[in-house]
Amino acid sequence: MIKRIATALVAAAAMSASALVSAAPALADPGHGHGHHDGPNPRITNVWVNPGQVVLKGKWDSEVVSITVKGVDIKHAKIVVDHKGSWGRDDWDGPSWDDKSADSTTADGSEEKKAPWKPVWFSTSESVKIDTKDPKGFYAVKVYARGFDGKLYTSSSGFTVKHLSYDPPKPPKGPKATRIVDFNAGPEPVKKGRYVTLTGQLQVAQCYGDWYYDYKKHDRAYVELDGSVKPVDDGWSGCYDSRDYWHGWYKLGWQDIDVYFLPAGSHKWKYVKTIDTNPNGSFYTKVKAWGSGTWGVRYDGRHGFGSSEASDYVKVVK
């Protein structure tokens, strides 16, 4: 909501969109060359508002609007900021601001007033903070000023507030990309009949504000044997490292991993067994080594997750 800022400090109490903002005037001697008059000639010469348009781009966005009022022969003034210019307030001219009534038209008749009057320049500034709690639309800035002749003078300006809506990306279609990282089959080489240990970790791609996105073209993912994910072709892929919304990879636990073996010189993979990933996505198992070949692990994908695989060659010696 609108907050008053005084002397470059934000006030402790927040003000509503129709809050009153007051300031002590800054009086200045107009100097030589401006002449003298029989009496005061009050007027508000300028009401400057910057910026004229406030554009709030996010939920926590805010902007400070500066208001400067200038005039001559003004005793003091009050600045009122109202959404859509809802004037007609009864408290703007109360005792806390001015000791003159709103309809006062009588000039001071003291002896001092009878002397030649030297004009006095007037300037005062205030700032208000606009945030997303303040409604969009036009905000009128009204200035009520009391002249040295005792009369009330007014002027007005304003600014607009615009909220830019944020549309988060839509949930993805198709499977969510997965990969198997740090896969290792060892030791290597290993003696025939000894055990080979298989270890690795299953992960799922995470991006777009924690949505899991598929590296896709036509909702497909291509995961290479080394665990890296590639776009299917030269088309757009849903999530990759160079994009600002990338968050990395996340553990994928409690999933089935199938273990396969491809003997050296063969072109046919042999199924060995199925193991489960731990809650952190890691897996571990042991298999007997009867010959040289490639050990492979594959995640077939389920419940909306894409498939992935990895492999490692182990040489068996006697």
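# Salt bridges and a buried glycine

Q: In this predicted model, what is the relative accessible area of Asp-256?
A: Buried residues stay under 20%, and exposed ones lie over 50%. Asp-256 falls in between, so this residue counts as partly exposed. The relative accessible area of Asp-256 is 27%.

Q: Which residue meets the side chain of Asp-256 in a salt bridge?
A: A salt bridge here needs a side-chain nitrogen of Lys or Arg within 4 Å of a carboxyl oxygen of Asp or Glu. The pair in question passes that cut-off, with N to O at 3.2 Å. The partner of Asp-256 is Arg-302.

Q: How many residues apart in sequence are the parts that Arg-302 and Asp-256 tie together?
A: Asp-256 belongs to strand E18 (residues 256-263), while Arg-302 sits in the loop between strand E21 (293-299) and strand E22 (308-314). Arg-302 itself is partly exposed, at 34% relative accessibility. The pair therefore ties together parts whose separation in sequence is 46 residues.

Q: Which residues are linked with Arg-298 in a network of salt bridges?
A: Let's take the two pairs in turn. The side chains of Arg-298 and Asp-300 meet at 3.0 Å, N to O. Arg-298 also forms a salt bridge with Glu-309, where the closest N and O atoms are 2.7 Å apart. The network thus joins Arg-298 with Asp-300 and Glu-309.

Q: Which strands hold Glu-309 and Arg-298?
A: Glu-309 and Arg-298 form a salt bridge. This pair links distant parts of the chain, 11 residues apart. Glu-309 lies in strand E22, and Arg-298 in strand E21.

Q: Is Gly-296 buried or exposed?
A: Gly-296 is found in strand E21. Its relative accessible area is 5%, and the cut-off for a buried residue is under 20%. Gly-296 is therefore buried.

Q: Which residues is Gly-296 in contact with, leaving aside its neighbours within four places in sequence?
A: Contact asks for heavy atoms within 4.5 Å. With the neighbours within four places set aside, the contacts of Gly-296 are Asp-258, Val-259, Tyr-260, Trp-269, Ala-310 and Ser-311.

Q: What distance separates the C-alpha atoms of Gly-296 and Lys-270?
A: Along the chain, Gly-296 and Lys-270 are 26 residues apart.

Note on methods. Residues are numbered from 1 along each chain as its sequence is written. This is a predicted model: local features need pLDDT of at least 70, side-chain atom pairs count only at pLDDT 80 or more; totals for chains, interfaces and linings use all residues. Side-chain values use heavy atoms; hydrogens and water are left out. Helices (H or I, at least four residues) and strands (E, at least two) are DSSP runs, numbered from the N terminus. Buried means under 20% relative accessible area, exposed over 50%, partly exposed in between (1.4 Å probe, protein chains only).
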